[in-house]
Amino acid sequence: MYDLEEQEKIDALKAWWKQYGAMVIAAVIAFIGGVGGIQGWQYYQRSQAEQASILFSTLEEAVAKNDANEIRNVSAELIERFGRTAYAGMAGMIAGKVEHDAGNLEVAAERLEWVVEHARSEPLRALARLRLAGVRLDQKQHDAALRLLDAGGGEAFTPLYADLRGDVLMAQGKTEEAVAAYDKALETTPEADPWRNVIQVKRDAVGSLK
């Protein structure tokens, strides 16, 4: 009786495997492939970050030497090859400053726009919007600057956004609105921050024109 029961179990297992074995094997392969895919992707990301880090060190050296051409070349390579890493956003900011300082305002705007659209860090995107708005002000593209400032940058950037808004409105001759913007910048800037003095001077100068 024992042997008969064992044989029946074996026969039942064989029948089950014949019907479902292929599905089990496929599921196991898919699971292994999924785990391997995840590990492969994680390895790829680590590799990208390590290579980008090395290249960013080269960029830092170029900044220390004030080598504008090297900064342009290395930052462009970082953005092109490692655009999904955090280093690419920082490289875009550095490149934007270099182009702005060189008077290449439209090129500076392009670099900063890339950061706004692609940087992984929201604070970095907020800073890029602020600097891009400053470039648009330099280009006398006041409406474009205000649209960027309207997007906001979070509480931490409120004083800086309000201050620059005051500058843009002043450039447009909108003194009352400029005063309101400077007042907001003063309200949200810590008392110990030395930049308050600069904002206060601008606010007083605009207020005297009302």
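Two residues are in contact when heavy atoms of one lie within 4.5 Å of heavy atoms of the other. By this rule Q51 touches R81 and F82, leaving aside residues up to four places away in sequence. The structure above is a predicted model, and contacts of this kind are used throughout the description that follows.

Begin with the overall plan. The protein has nine helices and zero strands. Following the sequence, the pattern reads α-α-α-α-α-α-α-α-α. There are 210 residues in the protein, and 33% of them count as buried. Of the contacts between residues at least 6 apart in sequence, 47% join residues at least 24 apart.

Now return to Q51. This residue is found in helix α1, which covers residues 2–64. Q51 and R81 are separated by 30 residues in sequence, while their C-alpha atoms are 9.6 Å apart in space. Is Q51 buried, partly exposed or exposed? Its relative accessibility is 33%, so Q51 counts as partly exposed.

Next, look at helix α3 (residues 86–101) and helix α4 (residues 105–118). Their axes come within 8 Å and cross at roughly 165°. Angles over 145 degrees count as roughly antiparallel, and α3 and α4 are therefore roughly antiparallel to each other. The crossing in which α3 passes α4 is left-handed. On the α3 side, the contact is made by A88, G89, G92, M93, A95, G96, E99 and H100. On the α4 side, the residues are L105, V107, A108, R111, L112, W114 and V115. Sorted by class, the residues of this contact are nine nonpolar, four polar and two charged.

Helix α4 also packs against helix α5. Here the angle is about 160°, and the axes are 8 Å apart. The pair α4 and α5 is therefore roughly antiparallel as well, and α4 passes α5 in a left-handed crossing. From α4, the residues that take part are L105, E106, A109, L112, E113, V115 and V116. They meet L124, R125, A128, R129, R131, L132, V135, R136 and D138 in α5. The contact of α4 with α5 has nine nonpolar residues, no polar ones and seven charged ones.

Helix α5 itself runs over residues 122–138 and has 17 residues. From its first C-alpha to its last it reaches 24 Å, close to the 24 Å expected at 1.5 Å a residue. How many of the residues of α5 are buried? Twelve of the 17 are, and α5 is mostly covered. The buried residues are L124, R125, A126, A128, R129, L130, L132, A133, G134, V135, R136 and L137. They pack against α3, α4, α6 (142–150) and α7 (158–171). Just after α5 comes K140, which takes a positive phi of about 65°.

Helix α6 has buried residues too: H142, A144, A145, L146, L148 and L149. Among the elements that cover them are α5 and α7. After α6 comes G152, with a positive phi near 75°.

A further helix pair is made by α7 and helix α8 (residues 175–188). These two pack at an angle of about 165°, with their axes 8 Å apart. They are therefore roughly antiparallel to each other, and their crossing is left-handed. The α7 side of the contact consists of T158, P159, A162, D163, R165, G166, D167, L169 and M170. The α8 side consists of T175, E177, A178, A181, Y182, K184, A185 and T188. The contact of α7 with α8 divides into eight nonpolar, four polar and five charged residues.

The last stop is R196, in helix α9 (residues 195–207). Is R196 buried or exposed? A residue is called buried when its relative accessible area is under 20%. R196 has a relative accessible area of 16%, so R196 is buried. Which residues does R196 touch, not counting those up to four places away in sequence? They are L186, T189, P190 and E191.

Terms used. Residues numbered from 1 in each chain as written. Predicted model: local features only at pLDDT ≥ 70, side-chain atom pairs only at ≥ 80, totals over all residues. Heavy atoms only, no water. Axes fitted to C-alpha atoms, helices over the stretch in contact; angles between N-to-C directions. Helix = DSSP H or I, 4+ residues; strand = E, 2+ residues; numbered from the N terminus. Parallel < 35°, antiparallel > 145°, perpendicular 65-115°, else oblique. Left-handed = near helix turned anticlockwise from the far one by under 90°. Nonpolar A, V, L, I, M, F, W, Y, C, P; charged D, E, K, R; others polar. Expected span 1.5 Å × (residues − 1). Buried < 20%, exposed > 50% of the residue type's maximum accessible area, 1.4 Å probe, protein only.
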